[in-house]
Amino acid sequence: MTGDGIVNIFDLVEVASQFGQSGENLSGDVNSDGTVNIFDLVEIASHFGEEAVVAAPTDGFCATHARFRLAQQLGICYTF
Ligand SMILES: [Ca+2]
């Protein structure tokens, strides 16, 4: 995903930041169908935490890190 070999929040954020975009070479286009949408989020969610122990972000984590506010707005900060 983000090149770290781990499916984690950074992959989710990547998809979130590109959500709704379409085109080639989108890093957030997990299933390579040319569009970054809910299906890519589902794909990540189904593999979330694999190969690593990732601390679940808290509400405070989402609120205090600007990068994650979009994820929070999408409601995915609460689904881990
Ligand atoms: Ca896709």
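A residue counts as buried if 20 or more other C-beta atoms lie within 10 Å of its own, as exposed if 12 or fewer do, and as partly exposed in between, with C-beta atoms placed from the backbone. What you see is a predicted model, where local features need pLDDT of at least 70, side-chain atom pairs count only at pLDDT 80 or more, and totals for chains, interfaces and linings use all residues. Residue numbers start from 1 along each chain as its sequence is written.

**View A. Helix H1, mostly tucked away.** Helices here are DSSP runs (H or I, at least four residues), numbered from the N terminus. In H1, 7 of the 9 residues are buried, so the rest of the structure largely encloses this helix. They are Ile-9, Asp-11, Leu-12, Val-13, Glu-14, Val-15 and Ala-16.

View C. Asp-40, Leu-41 and Ile-44 are the buried residues of H2. Looking down the helix axis, they fall within an arc of 100° (taken from the directions from the axis to the C-beta atoms), so they line one face of H2. Over on the other side, Ile-38, Val-42 and Ser-46 are exposed. After H2 comes Gly-49, with a positive phi near 85°.

Technical notes
Helices (H or I, at least four residues) and strands (E, at least two) are DSSP runs, numbered from the N terminus.
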